[in-house]
Amino acid sequence: MSNSDNDLRPEEFAQAAAEAIQDAQARDFRDAARVLAAAGLCGVCAQEDAGGLALGIAFALPIAAEAGKLRLHWPLLENLLVAKALGDSPLAAKLASGERVATWALQGSLQDGLAGQARGARDCDWVLVADGQGGGTLLDLRSIEIQEDEALDPEHPQSWLALDGAKVLATLDAATFAALQRDSHILIAGFVNGAAESALATTAGYMATRVQFGRPLSAKQAVRHLLARMRLQQEAASAGIQRVLDTDEDGRVRATRPVLANALASAAFVLEKSIHLHGGMGFTWEVPLHYALREVRKFDAAFGAGALASQVGRDFIQSV
């Protein structure tokens, strides 16, 4: 399936994705898999022979953004990326159909015998880890010892995996795994930027309706300046994400690390300021902005808690 053949536009996927995600959030993990798969979200990038739509990563980006806006904890990004990487394998078909669910350990490798930062590993069937030699390996989670780390999120903890004796289901060569990593940077950036956009909309609405001394809070110049800065950060990150989908002026693929680093930093700033402007309400069940901030911080930790931005800076200095 191609964009030119079917006149599909990536932005059209956002509304359908939002409806499916909202439905999935009211269900348990396995029912959510069936709902998301039935909506085509799990296999949007998978090959048609595997039951997918065979669309490019640009069509998965609005889905990732909606998942961020709605604070979806189910590992949708990881599942659709692994399904894409597996090609026409029967394993890919199982992921696209929702029969199986895969996650991705963003730290560690099979060679190290330890991997971490795998979202939803406790409930998933398979996990993708780096093999330590440039490629990737899909492992059966039933053969892996899982230890949960509740430091950043006690309700949806990060997972550490002991890989000794893990059962290998499939392997990815270095080129496929590198392409998958690039796609993951784009979707994670879209996810956290979506979380920031949702928080900003919530905060702007609250500031416009919360009245003190006869005037809404949004009438205060200091509040307006802060909201404008938050919008600038979020819009700049969004523009960078869209830009990285296209090649540069010389027809070369653009680097995704700077985009991801900026999206993580911008999302954290917007979410922290949103919580601040809400006062104590930002940490309540009614205004759960802290849930989105936890997800951003977990992704940031997966890439080294600021180490990604430092590496981007070093790469730039070395390039000039």
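Start with helix 8, whose buried residues are covered by elements that include helix 4 (57–69), helix 7 and helix 9 (257–278). Covering here goes by contact, meaning heavy atoms within 4.5 Å. Helices (H or I, at least four residues) and strands (E, at least two) are DSSP runs, numbered from the N terminus. Before going further, keep in mind that this is a predicted model, where local features need pLDDT of at least 70, side-chain atom pairs count only at pLDDT 80 or more, and totals for chains, interfaces and linings use all residues. Residues are numbered from 1 along each chain as its sequence is written, and side-chain values use heavy atoms, with hydrogens and water left out.

Back to helix 8: residues 221–244 make up its 24 residues, and from first C-alpha to last it reaches 35 Å, close to the 34 Å expected at 1.5 Å a residue. That expected span is 1.5 Å times one less than the number of residues. Which residues of helix 8 are buried? They are Val223, Leu226, Leu227, Met230, Gln234, Ala237, Ile241 and Val244. Buried means under 20% relative accessible area, exposed over 50%, and partly exposed in between (1.4 Å probe, protein chains only).

On a 1 Å grid over the protein atoms alone, a cavity is a set of points where a 1.4 Å probe fits but cannot get out, while a pocket is an open set with protein on both sides within 12 Å along at least five of seven lines; lining residues have an atom within 4 Å of a point. Grid points are joined across faces, edges and corners, and a volume is the space filled by probe spheres set on the points.

The largest pocket has a volume of about 520 Å³. Its lining has 28 residues, with His73, Trp74, Gly120, Asp123 and His156 nearest the centre. Helix 10 (289–302) is one of the elements that supply at least two residues of this lining, and with four residues it gives the largest share. By class, you get eleven nonpolar, seven polar and ten charged residues, where Ala, Val, Leu, Ile, Met, Phe, Trp, Tyr, Cys and Pro count as nonpolar, Asp, Glu, Lys and Arg as charged, and the others, Gly among them, as polar.

The second largest pocket holds about 350 Å³ of space. Of the 17 residues lining the second largest pocket, Leu106, Gln181, His185, Arg257 and Phe303 are the closest to its centre. Strand 1 (102–109), helix 7 (174–209) and helix 11 (307–319) each give two or more residues to that lining, and strand 1 has the largest share, with five.

Last, the cysteines. A disulfide is a pair of cysteine sulfur atoms within 2.5 Å, and by this rule the count is zero.
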